[in-house]
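Dear colleague,

I am passing on the structure we talked about, with notes on what came out of going through it. Please keep it open beside this message as you read.

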Amino acid sequence: MDSAVSEWVVGVDSGGSGLRIACADLAGRGPAETESTREPVRTGPRGIDAGHLLEQLLPVVDGFLGRHGGRVAAVAVGAAGMATLGDALRAELPGALEKALGVRRLVLAADAVTAYAGALGQRPGAVVAGGTGLVALGTDLRGWRRADGWGHLLGDCGSGAWIGRAGLEAALRAHDGRRGGSPALLARAEERFGPAAGLPGALYPRTDRPAVLASFAPDVARCAADGDPVAADVLRQAAAHIAEAAAAACPAPGDERAGGVEVALTGGLFRLGEPLLGPLEEELAAQLPHARRVAAAGDPLSGAVALAVALAAGELRLPMDPRLLYVPEH
């Protein structure tokens, strides 16, 4: 066997907009190539469809190996819904990837775990992943703590959908003449969705309601930046909810290992800017005085690559959990 054969790792981020796939060198110096698909992996009676994921993944990896040669040393798949919908992936992917690529090292992770690994690596702390929804995940390197991530009807407090819904409620209060309304938000809502009276009919039948609600969050942030007190209060409340989730997930004082704990934020929610980040910094300082706030080093795809590199090197230290982080035994 040629000792000079290149070895690669493959990281996969599977979410609501499709797959993102990175093929990187084993040293983890960054993705050599990345590719995206536009079709989300289907779900069925057994959860996430392993066959459909492979249909999209294998041609990308085969094409990469055809161009660069070598072999795959490890694969890490991070998927939205892994915790509750991952049974088929856990059952089928190990054998299928070994047969197709000859790879025996595989790690399956919830998307919150790949977000954590991308943001903090394998250090103790907590990561808040915020976008349309919101979930916080933390670890002391012995076990995981999760907070929120319950969806827009039961939770995801402080998320883009939560902010958008609160902003639209304030708009409709202004339309009705009730206390707590915001004429500025009403004007924005009618610019985006049409006459306020038609908003329920435009929103309730939609199957993508969380995304539609979240689409109004930037309008709330812009109104807050322009001095609207109602919009600013919505973002202050969101900041408190986000910090509460971080505090619930973060290891308590005395639980952390040497070096203390860190807290990072990742996801598109935090691109709303100062109207959200200003009050959020205040809330994090008040609710997590023992934690050090750091910038996220990378995104969930880079987290998947990092997990694959660590697995290939025998250095995966994040705690195993059948629903959050799973390495099949061969």
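The largest nonpolar core has 64 residues, and those touching the most other members are Val10, Leu57, Leu89, Leu93, Leu97, Val113 and Leu307. Such a core is a set of buried Ala, Val, Leu, Ile, Met, Phe, Trp, Tyr and Cys residues joined through side-chain atoms within 4.5 Å, where buried means under 20% relative accessible area, exposed over 50% and partly exposed in between, with a 1.4 Å probe and protein chains only. Apart from this core lies another of 49 residues, among them Ala166, Ala221, Ile242 and Cys250. In soluble globular proteins, nonpolar side chains tend to be buried together.

Please bear in mind that this is a predicted model, in which local features need pLDDT of at least 70 and side-chain atom pairs count only at pLDDT 80 or more, while totals for chains, interfaces and linings use all residues. Residues are numbered from 1 along each chain as its sequence is written, and side-chain values use heavy atoms, with hydrogens and water left out.

Strand β7 (residues 106–110) has five of its five residues buried, with Leu106, Leu108 and Ala110 on one side and Val107 and Ala109 on the other. Strands here are DSSP runs (E, at least two residues) and helices likewise (H or I, at least four), numbered from the N terminus, and two strands pair if DSSP finds at least two bridges between them. Strand β6 (residues 71–79) pairs with β7 in the parallel sense over five bridges, and Ala79 stands opposite Ala110. On the antiparallel side, two bridges join β7 to strand β13 (residues 325–326), where Tyr326 is the bridge partner of Leu108.

The whole structure holds 21 salt bridges, each being a side-chain nitrogen of Lys or Arg within 4 Å of a carboxyl oxygen of Asp or Glu. In the one between Arg67 and Glu33, the closest N and O atoms are 2.6 Å apart; Arg67 belongs to helix α1 (residues 50–68) and Glu33 to strand β3 (residues 31–36), 34 residues apart. Arg123 and Glu262 form another, with closest N and O atoms 2.7 Å apart. Because Arg123 lies in the loop between α4 (111–120) and β8 (125–130) and Glu262 in strand β11, this pair ties together parts that are 139 residues apart in sequence. Arg123 counts as partly exposed at 38% relative accessibility, whereas Glu262 is buried at 9%.

With best wishes
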